[in-house]
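Here is a short tour for anyone who is new to reading protein structures. Have the sequence and the 3D view open while you read.

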Amino acid sequence: MALLLENVKKDYREPDGRPLPILNIKKFQLSDAEQMALVGSSGGGKTTLLNVIAGITAADSGVVSIDGVDMVKLPEAGRDRLRAQRIGFVFQTFHLLQGFTALENVLLGMSFTGQRVDKHRAADLLKRVGLDHRLHHKPSHLSVGEQQRVAVARALVNQPSLLLADEPTASVDLANQELILNIIRETCAEHKVTLLLVTHSADVASIFDRVEKLSDFNQPGAAA
Amino acid sequence: MNLFSISFHSLRQRWLSSSMTLLSVALGVMLMVTVLIVNGIMDRMFSQSASGYDLIIGPKGSALQLVLNSIYRVSAPIENLPYLYYLELLKDKRIENAIPLAIGDVTQEGAFPIVGTVSKFFDVDYIPGKRFRVKGDYLQQPFDSVIGSVVARENGWGVGDQFTMVHGGAEGHVHDEKFTIRGVLAPTGTPNDKTVFVHLEGFYLLDDHEKPGHEAVNRWREFNGLDPLKGDELQAEIKRWGIEAHDHATHGEEDGHHHHAHGLTDIQKEVTAVLINMAGKKYGAFAQIQFENEMKEGFKAQAANPAKEIYWLMTNVVGSVRAILVVLTGLIIIVSGVGIFVSIYNSMSERKKEIAIMRALGASRGTVFSIILLESILLCVGGGLGGVLLGHGLVFLSADIIEGRTGVLINPWAFEIMEVYVVATMVVLASVVGFIPGVTAYRTDVAQTLSS
């Protein structure tokens with residue numbers, strides 16, 4: 001099982017100190033190399049869910065298991081290491097570092113794993129996403145679609161077991177939307193990476209075999 | 001990519017702010033290094049060069065001036081001593097070496113100081129354990145000369161070349177007589193490199209280098225505490241000393257040299273100073289103290305202890321100036337440190353997102369703290385090393401001016417151990433000023449920053 005969530009709870013705090021429940025998930029799971037689209041409305045807790053899975057935000061309780069390792073039980077440093085080694089993250093607004101070239105941004109993704117930085121692998125991935133002619137261009141010299149392709153290469157460069165994609169096509173035009181989705185899906189299939197893609201677009205979700213609504217398994221207001 | 005290249009990238013991205021910060025650190029360190037180098041050179045120059053001789057005998061007056069003039073060839077001579085007194089010193093058994101110096105003239109070309117002396121000057125270590133080495137010969141004949149390495153280089157002179165001297169400084173008249181260079185000294189790193197040594201006998205043969213008979217007689221009497229003579233008594237004394245009237249018509253040519261043929265009596269000769277090495281082994285250290293006390297009580301001359309005078313100069317004058325400069329440059333470096341802090345801290349708000357991205361990619365809090373700290377260290381150490389280079393460069397550019405004005409020889413590439421401490425201090429400073437921005441990076445809320 002690539003991803004398993006059981007009894008996961010996450011509350012934020014209202015300004016007056018009262019708890020604001022965001023996540024309350026009984027069970028959610030993804031098999032190895034499975035690809036799934038998660039649909040949900042704005043403010044529904046999609047990004048918080050991805051952050052909890054990635055270990056960026058700690059769950060209040062429950063089990064968040066990545067390849068059998070429970071994120072909730074790990075200290076922050078352990079979550080950071082697990083995230084660096086096993087999880088790739090593609091953001092809606094790409095989040096590339098502006099002072100770094102396309103190649104350097106991908107290499108940056110390899111810098112925190114504790115393993116050797118493989119320049120050839122980074123270049124190969126950029127070639128795979130059709131950017132072999134843009135290796136040494138900085139993000140400001142790339143189109144929006146190209147920037148997102150760099151972000152995809154960066155997310156996959158560590159050969160993660162799980163790729164989290166948070167509205168990856170929300171900032172790109174239709175032509176690029178299809179291209180990027182194809183790249184993500186094909187590359188994940190090629191490398192047997194489990195994919196969890198969050199979107200609010202029914203069109204995007206329609207190309208996935210498995211589509212779930214967050215509200216179907218997340219009931220933040222429900223009693224424990 | 002490692003932490004170093006990530007930090008370097010961040011600095012390069014903010015190149016203007018980074019380079020301005022780097023420059024301010026480099027300038028601060030440059031000033032400090034320059035002070036340290038010049039101070040180190042002067043310290044070595046003065047303390048080493050002063051250590052070759054036990055005492056310097058000269059006329060009563062400033063002991064420091066006597067030392068500066070006779071060893072460092074800076075400052076004007078106080079007055080002169082009678083040559084007869086030098087002969088008396090030679091007979092003192094407590095003294096091992098007594099080397100006369102006659103100072104005051106300069107070369108016509110290059111205005112290098114002339115020192116009339118005897119061959120023995122070159123037999124004594126100029127710094128303990130360091131002997132003069134010469135290409136050619138030392139002083140043999142009255143019109144022989146030995147020149148320092150800098151004189152040879154700057155004037156393009158070599159063995160066999162001849163030169164003329166200007167009497168009593170650069171504005172005096174040019175002596176007709178020519179001296180022949182017999183030897184060129186190997187570099188010593190002391191003021192001797194910029195000095196022209198001539199045979200004392202030749203020096204006395206030059207016009208204006210002897211006292212008229214009546215002056216010489218009364219000067220010697222006065223030196224010995226006797227009343228001056230007048231009229232017949234004075235004439236009789238002049239005759240008794242065998243002094244002849246100076247007749248310019250008797251000038252002749254010998255060995256290609258034009259010089260005065262008149263016989264100069266010892267009473268008419270003078271020396272500027274006498275360098276002394278005490279016969280310490282034979283008579284013990286007490287002999288020097290006793291000798292110095294005798295000189296203090298007497299009225300004829302003074303004995304200056306060069307090591308003591310230079311120690312006083314270094315401690316009270318140079319030391320104080322150095323302390324002020326070091327404090328000032330230290331403050332400049334602290335200001336530079338504040339500059340680094342402001343530069344990095346101000347960049348933190350715009351870099352929060354970068355830090356959050358790195359954290360999302362798996363960088364730990366410690367890693368992002370290290371990246372920021374490393375930026376501060378890169379700026380400090382880069383500026384520090386740049387400052388060290390600039391400091392040496394500045395000394396290199398000003399070496400000739402300092403040499404020209406003070407006579408102190410400067411080696412711009414002399415490395416001071418304090419420079420290592422300066423760079424080490426910069427690392428500490430960087431750690432201090434990088435700490436708060438580093439903590440800001442450490443505490444960045446990843447989820448909130450990425451979503452904002």
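Is Asp400(B) buried or exposed? Asp400(B) is exposed, because it has 11 other C-beta atoms within 10 Å, and the cut-off for exposed is 12 or fewer. Keep in mind that everything here comes from a predicted model.

## Around Asp400(B)

Asp400(B) sits in helix H12 of chain B, which covers residues 365-406. In sequence, Asp400(B) and Ile410(B) are 10 residues apart. In space, their C-alpha atoms are 8.0 Å apart.

## Chain A at a glance

Now over to chain A, which has eight helices and nine strands. Its 224 residues include 47% that are buried. What about contacts along the sequence? Take the contacts in chain A between residues at least 6 apart in sequence: 72% of these join residues at least 24 apart.

## Helix H3 of chain A and its partners

Two packed helices are described by the angle between their axes and the distance between the axes. On the H3(A) side, the contact uses Ala102(A), Leu103(A), Val106(A), Leu107(A) and Met110(A). On the H4(A) side, Lys119(A), Ala122(A), Ala123(A), Leu125(A) and Leu126(A) take part. Sort the residues of this contact by class and you get nine nonpolar, no polar and one charged.

H3(A) also packs with helix H5 (residues 144-156) of chain A, at an angle of about 30° and with the axes 7 Å apart. Angles under 35 degrees count as roughly parallel, so H3(A) and H5(A) are roughly parallel to each other. H3(A) passes H5(A) in a right-handed crossing. Here Ala102(A), Asn105(A), Val106(A) and Gly109(A) of H3(A) meet Val150(A), Ala153(A), Arg154(A) and Ala155(A) of H5(A). The classes in this contact are five nonpolar, two polar and one charged.

## Buried residues in helix H2 of chain A

Chain A has its own helix H2, covering residues 76-86, where Arg79(A), Asp80(A), Arg83(A), Ala84(A) and Arg86(A) are buried. What do the buried residues of H2(A) pack against? Their partners in chain A are helix H1 (46-54), E4, strand E6 (87-90) and E7.

Most residues other than glycine have a negative phi. Asp67(A) is not a glycine, yet its phi is positive, at about 50°. You'll find Asp67(A) in the loop between strand E4 (61-66) and strand E5 (69-70) of chain A. Asp67(A) counts as partly exposed because it has 17 C-beta neighbours inside 10 Å.

Glu167(A) also has a positive phi, near 50°, in a residue other than glycine. Its place is the loop between strand E7 (162-166) and helix H6 (174-190) of chain A. With 19 other C-beta atoms within 10 Å, Glu167(A) is partly exposed.

## Where the two chains meet

The contact between the chains takes 23 residues from chain A and 19 residues from chain B. On the chain B side, helix H1 (3-13), helix H11 (306-360) and helix H14 (446-451) each supply at least two residues. Which helix gives the most to that side? The answer is H1(B), with five residues. By class, the side of chain B that touches chain A has nine nonpolar, eight polar and two charged residues.

Note on methods. Residues numbered from 1 in each chain as written. Chains lettered and ligands numbered in written order. Predicted model: local features only at pLDDT ≥ 70, side-chain atom pairs only at ≥ 80, totals over all residues. Contact = placed C-beta atoms within 7 Å. Helix = DSSP H or I, 4+ residues; strand = E, 2+ residues; numbered from the N terminus. Nonpolar A, V, L, I, M, F, W, Y, C, P; charged D, E, K, R; others polar. Buried ≥ 20, exposed ≤ 12 C-beta atoms within 10 Å, placed from the backbone. Axes fitted to C-alpha atoms, helices over the stretch in contact; angles between N-to-C directions. Parallel < 35°, antiparallel > 145°, perpendicular 65-115°, else oblique. Left-handed = near helix turned anticlockwise from the far one by under 90°.
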